[in-house]
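Dear colleague,

Please find the structure below, passed on to you for your records. My notes on the salt bridges, the interface and the fold follow it.

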Amino acid sequence: MTTRAAASRRSLLGHSYNLVGVAAALVILAWTLVAIFAPYIIPHPIGDIVDDDYFGPMRQGLWLGSDYLGRDMLSRVLMGARYTVGISLAAVSIACFSGVVLGMIAAVTGGWLDTCLSRFLDAMNSIPSKLFGLVVVAAVGSSIPVLILTLAVIYIPGAYRFARALAVNINTMDFITVARVRGESTAYLIGSEILPNIIRPVLADFGLRFVFIVLLLSGLSFLGLGLQPPLADWGALVRENIGGLPFAAPAVIVPSLAIASLTISVNLLIDNLPQKIRDRDA
Amino acid sequence: MTSGVLNLVLKRLAIALVTLLIVLFAVFFATSMLPGDTASILLGQAATPEAVAGLREAMHLNDPAILRFLRWLLGLLHGDLGTSYANEMPVAALIGGRFVNTMKLAGITTLISVPLALTLGITAAMLRGSLYDRIVTVLSIGVISVPEFMVATLSVLLFAVYLKWLPALSSVNEAHSLTDLVRIYAMPVITLTFVISAQMIRMTRAAVIETLSTPYVEMALLKGASRGRMVLRHALPNALGPIVNAVALSLSYLVGGVIIVETIFNYPGIAKLMVDAVATRDLPLIQSCAMIFCLGYLFLITAADIVAIMSNPRLR
């Protein structure tokens, strides 16, 4: 990538860090802190109408303008970070944990379990993600636990496929055969022999999948099928303020930029992870 | 084509068929998980228990799920998509015109985005490392990293708000002349083209770069072939398989894309119909729309896989 060549490198804690990577990590850290401390730092309660005008412009006191009801946009975006980051993180954790564990089990066990699991999850993968979300929301309604589970289920097949492909390679190594001959259990094999050898690519995959989930969650919320009012994540904020589009109101632009800043940062961070961390043996 | 390739292709088709059954079952199962009894919802609160029981009997709601699934499947084979709950019209009639609209949108987008993306992807790979390549790469990563609705809102801001070239909403029924038609389709097609092309450019570029790094292309360079000849004559024929594969895979992003684009631009297509059906919980309509999308998606990814198999010269 161009950025890697252009960015200067500096040494910190024994690793060379890439400037773009550091900047991306800082953006992610900032959004994480906002997500945790949002209720303490918002200037106005999110439900309060503080502006006489709707779709107000940016001005002192209302740094990001006001939304379609005259509520403070800055507060709403800060609180939206909680839902977008929180739900996506929960979903990606469930998806990657289940996918990776199943993938490793399938690779180690092989046989019919592997075949059935792979065939079934491949079929799941053939359902377009947005459509799956639509159908589930139509069937059981939309709430935070349903959203987390749906998003997790949609991305389990991908995590499974990725982890299984990695684990199958490790599974042919001599030390696995030795461990098998020693009579170790499957749990030991996947936990102590395979996982340490695939953990770094799995973590990079975790980041990418987080981006997919943020995008899908925002997409669903934008369609009105994600978080329901009065709760609002970034996608829902864009939806409720879409009426401000013809006036180019900050209320519709800022939440979009928030999503973009988060997803682009995660992508850049993964691209620019220090080589040493990626290559060092576990 | 030898029997090896034929076998692989047939195997892939069989897998697609099995997948289709699983997908159909998943769609049916998910939509019949709806809490609340369909019969009492249809009849309203004033219905007597006898009337509800009668309707349940008439709609075969008392049968086990697997029987209802088979009956639904049989209906599908006869072209019977069921009747919409919301307005009592046959689903097939509701979908018909909408389906044509969506196919028009998808078709125009494909016609524009495929040549565009292939040109950009191949030239970026040829000029790898140049400023042009960097701009194309960064832009396509940017488009992939943001949600589709953001691409849509930004294009509305640019073309409809600042430049005032195009209207923000489409209404197919008001098309009287060619210029009307262009104005109606422009915004949705531009948005979809961005989303689809970004994927296609990245995959095409990667495929061509991989071929360009093979020994026989280096050989062509060493024997003094020009850069254009090296790419067009030596590299491209071998990269064709991966490129067609990339095109089919990218087109499957149309499925997700149209759902957002039809909603945001109020385009009267099948995706808009489905999103509205979700809002009114009109199950037969959701089932049929979901099925059409799954079919399209499955068709494209199966086509991508089969192209990948056929283009592998080692199997020929």
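Glu240(A) is buried at a relative accessible area of 19%, where buried means under 20% relative accessible area, exposed over 50% and partly exposed in between (1.4 Å probe, protein chains only). This is a predicted model, in which local features need pLDDT of at least 70 and side-chain atom pairs count only at pLDDT 80 or more, while totals for chains, interfaces and linings use all residues. Residues are numbered from 1 along each chain as its sequence is written, chains are lettered from A and ligands numbered from 1 in the order in which they are written, and side-chain values use heavy atoms, with hydrogens and water left out.

Glu240(A) forms a salt bridge with Arg76(A) at 2.8 Å, N to O; the term denotes a side-chain nitrogen of Lys or Arg within 4 Å of a carboxyl oxygen of Asp or Glu. This pair joins helix α9 to helix α3 of chain A across 164 residues (helices, H or I, at least four residues, and strands, E, at least two, are DSSP runs numbered from the N terminus). Arg76(A) is buried, with 5% relative accessible area. A salt bridge also connects Glu240(A) and Arg71(A), at 3.8 Å, N to O. Arg71(A) lies in the loop between α2 (19-41) and α3 (73-109) of chain A, 169 residues from Glu240(A), and is buried at 11% relative accessibility.

Arg161(A) is partly exposed at 48%, and Asp122(A) is partly exposed at 26%. Over all chains, the count is 12 salt bridges.

Turning to the interface, chain B and chain A bury about 3,400 Å² between them, 83% of it on carbon and sulfur atoms; buried area is the accessible area (1.4 Å probe) that two parts lose on being put together, summed over both. On the chain B side, Ser145(B), Phe149(B) and Val278(B) lose the most area to chain A, together 16% of what that side buries. Chain B gives 42 residues to the contact and chain A gives 37 residues, contact meaning heavy atoms within 4.5 Å. Between the two chains there is 1 salt bridge: Glu148(B) pairs with Lys130(A), with the closest N and O atoms 3.0 Å apart.

Chain B itself has 13 helices and 0 strands. Of its 316 residues, 46% count as buried.

With kind regards
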